[in-house]
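Let's take a walk through a protein model, one spot at a time. Have a look at the structure first, then read on.

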Amino acid sequence: FTGRLPMDLAELTAKAASAVTAGGDFTKKVKFDFGDIGKLFIDGAAGNVDNSDSEADATVKVDWEDFQKLAAGQMDPTMAFMQGKLKVLGDMSVAMQLQGLMSKFS
C-alpha cells in the first residue's frame, strides 16, 4: 500500500484504457459494477474502455473498496468470490481471465 488515497473511477478508467489494446490478450467484453460509484466497461476486442452500462460477456459486481484491494493484490479474488464480496454474472471464464488484466490497473 502506497499510503496515497485510493484511485477514483476516472483514474481507474484511464489506467484500464492504457492496459487494454485492440488485438491484445483480452478479447472479451466485461463490465465492473461498483454500485453507486459507477461502472467500468472494457471491450477487449475493440480496445475500448468507458463507463457505460453496455452489454458484456460477464459483469463483475464488487464493492469499490474491495476492488481496490483486489487490484492492489491485497485480496485474493477466489476468496472474495467465495465470501460473496465479488459476484460474477454471465460467463465465468471471462472473469477468470481478468486477473492478468487487473494487475495492470494498480
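## Starting with a leucine

Leu 101 counts as buried because its relative accessibility is 7%. Buried means under 20% relative accessible area, exposed means over 50%, and partly exposed is in between, with a 1.4 Å probe and protein chains only. Leu 101 sits in helix H5. Helices (H or I, at least four residues) and strands (E, at least two) are DSSP runs, numbered from the N terminus. Along the sequence, Leu 101 is 75 residues from Phe 26, yet in space the two are 7.5 Å apart, C-alpha to C-alpha.

Before going further, some ground rules: this is a predicted model, where local features need pLDDT of at least 70 and side-chain atom pairs count only at pLDDT 80 or more, while totals for chains, interfaces and linings use all residues. Residues are numbered from 1 along each chain as its sequence is written, and side-chain values use heavy atoms, with hydrogens and water left out.

## Salt bridges

Side chains of opposite charge can pair when their charged atoms come close. This structure has four salt bridges, each one a side-chain nitrogen of Lys or Arg within 4 Å of a carboxyl oxygen of Asp or Glu. Take Lys 31 and Asp 53: their closest N and O atoms are 2.6 Å apart. Lys 31 is in strand E1 (residues 29-33) and Asp 53 is in the loop between strand E3 (48-50) and E4, so this pair ties together parts 22 residues apart in sequence. Is Lys 31 buried or exposed? Lys 31 counts as buried, at 9% relative accessibility, and Asp 53 is exposed, with a relative accessible area of 55%.

Now for Asp 33, which is buried with a relative accessible area of 14%. Asp 33 meets Lys 39 in a salt bridge (3.8 Å, N to O), and it also meets Lys 61 in one (3.6 Å, N to O). Asp 33 lies in strand E1 and Lys 61 in strand E4, so that pair ties together parts 28 residues apart in sequence. Salt bridges with shared partners join Asp 33, Lys 39 and Lys 61 into one network. Lys 61 itself counts as partly exposed, at 37% relative accessibility.

## The largest pocket

How much space lies in the largest pocket? About 400 Å³. A pocket is found on a 1 Å grid over the protein atoms alone: it is an open set of points where a 1.4 Å probe fits, with protein on both sides within 12 Å along at least five of seven lines, and lining residues have an atom within 4 Å of a point.

The lining has 20 residues, and Pro 77, Thr 78, Leu 86, Ala 95 and Gln 99 lie nearest the centre. Strand E4 (58-62), helix H2 (64-71), H3, strand E5 (86-90), H4 and helix H5 (98-102) each give two or more residues to this lining.

## A nonpolar patch

Helix H3 (77-82) and helix H4 (92-96) each supply at least two of the patch residues. Met 96, found in helix H4, counts as exposed at 61% relative accessibility.

Methods
Points joined across faces, edges and corners; volume = space filled by probe spheres on them.
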